[in-house]
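Reader: I would like a close look at a single part of this protein. Please walk me through the part and then its surroundings.

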Amino acid sequence: MTDKPFLYVVVCAAGVAADVSKLITAAQERDWEVGVIATPTAMNGFFDAAGVETQTGRPIRSAWRRPGDPRPFPAPDAVVVAPATFNTVNKWAAGIADTLAVGTLCEAAGLGVPIAVLPCVADALAAHPAYRDAVARLRDMGVRFADPYAGEGERDGERREFGWERGLDLLRDG
């Protein structure tokens with residue numbers, strides 16, 4: 001048992017998820033204990049699950065636990081959703097808790113747990129009215145959003161950095 005605050009990191013299926021260990025490292029350096037919850041699709045090779053489990057010292061959660069099973073994580077003191085996809089943001093805002101990840105986000109928001117979101121959404125999807133409405137609804141609930149990351153290359157063809165630590169900054173500055 002630790003006295004450190006507990007951070008849930010919710011990982012969605014986007015290419016940048018491969019670097020989620022950067023967020024975990026930054027959180028641990030800021031004295032957070034970390035548990036990862038991933039969407040089922042994200043568990044299909046979007047990040048190094050074994051590496052993340054080693055880094056956090058905890059299993060990754062992606063499915064509901066059975067009745068009577070112990071809770072593998074303590075209640076969260078905060079949540080960072082990174083990368084957050086178009087699909088997850090829209091389902092969350094609509095209250096469609098069909099995965100553990102989205103169900104956890106719905107519950108955390110309802111409990112008033114601080115939540116920061118690092119969207120990884122293409123510009124065309126970010127312009128969709130459903131997405132804009134979802135972000136507005138979640139912001140009205142107190143959820144803190146960074147600017148969307150579309151992943152397009154800069155002039156030199158290199159992608160800009162995802163900015164993993166921004167989620168932790170949003171929690172601190174929120």
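With which handedness does H3 pass H6? Tell me also what builds that contact.

Author: This is a predicted model. H3 passes H6 in a left-handed crossing.

Start with the geometry. Helix H3 spans residues 86–94, and helix H6 spans residues 129–140. Their axes come within 9 Å. They cross at roughly 55°. H3 and H6 are therefore oblique to each other.

Now the residues. From H3, the contact takes in Phe86, Val89, Asn90, Trp92, Ala93 and Ala94. From H6, the partners are Ala130, Tyr131, Ala134, Val135, Arg137 and Leu138. Sorted by class, the contact holds 10 nonpolar residues, one polar and one charged.

Take asparagine 90 by itself. This residue sits in helix H3. Its relative accessibility is 17%, so asparagine 90 counts as buried. Leaving aside residues up to four places away in sequence, asparagine 90 touches Ala130, Tyr131 and Ala134.

Next, follow the chain to helix H4. H4 covers residues 100–111, and cysteine 106 is placed there. Is cysteine 106 buried, partly exposed or exposed? It counts as partly exposed, because its relative accessibility is 23%. With residues up to four places away in sequence set aside, cysteine 106 touches Trp92, Gly95 and Ala97. The C-alpha atoms of cysteine 106 and alanine 94 are separated by 9.3 Å. Along the chain, the two are 12 residues apart.

Step back towards strand S3. Proline 83 is found in this strand. The peptide bond from alanine 82 to proline 83 is cis. Its omega is near -10°. Most peptide bonds are trans.

H7 runs over residues 166–173. Within H7, the residues Gly167, Leu168, Asp169, Leu170 and Leu171 are buried.

Aspartate 31 lies in the loop between H1 and strand S2 (33–38). Aspartate 31 is not a glycine, yet its phi is positive, at about 75°. Most residues other than glycine have a negative phi. Aspartate 31 has 43% relative accessibility, so it counts as partly exposed.

For a surface residue, look at alanine 50. It lies in helix H2, residues 49–56. At 51% relative accessibility, alanine 50 counts as exposed, because the cut-off is over 50%. Alanine 50 and isoleucine 60 are 10 residues apart in sequence. Their C-alpha atoms are 8.8 Å apart in space.

Last, the record. An unreviewed UniProt entry carries the annotation "domain: Flavoprotein" for residues 8–138. That span is 40% helix and 17% strand. Its end C-alpha atoms lie 18 Å apart.

Notes
Residues are numbered from 1 along each chain as its sequence is written. This is a predicted model: local features need pLDDT of at least 70, side-chain atom pairs count only at pLDDT 80 or more; totals for chains, interfaces and linings use all residues. Side-chain values use heavy atoms; hydrogens and water are left out. Axes are lines fitted to C-alpha atoms, for helices over the stretch in contact, and angles run from 0 to 180 degrees between N-to-C directions. Helices (H or I, at least four residues) and strands (E, at least two) are DSSP runs, numbered from the N terminus. Angles under 35 degrees count as roughly parallel, over 145 as roughly antiparallel, 65 to 115 as roughly perpendicular and the rest as oblique. A crossing is left-handed if the near helix is turned anticlockwise from the far one by less than a right angle, and right-handed if clockwise. Contact means heavy atoms within 4.5 Å. Ala, Val, Leu, Ile, Met, Phe, Trp, Tyr, Cys and Pro count as nonpolar, Asp, Glu, Lys and Arg as charged, and the others, Gly among them, as polar. UniProt positions are given in the numbering used here, feature names are shortened, and annotations may be inferred rather than shown by experiment. Buried means under 20% relative accessible area, exposed over 50%, partly exposed in between (1.4 Å probe, protein chains only).
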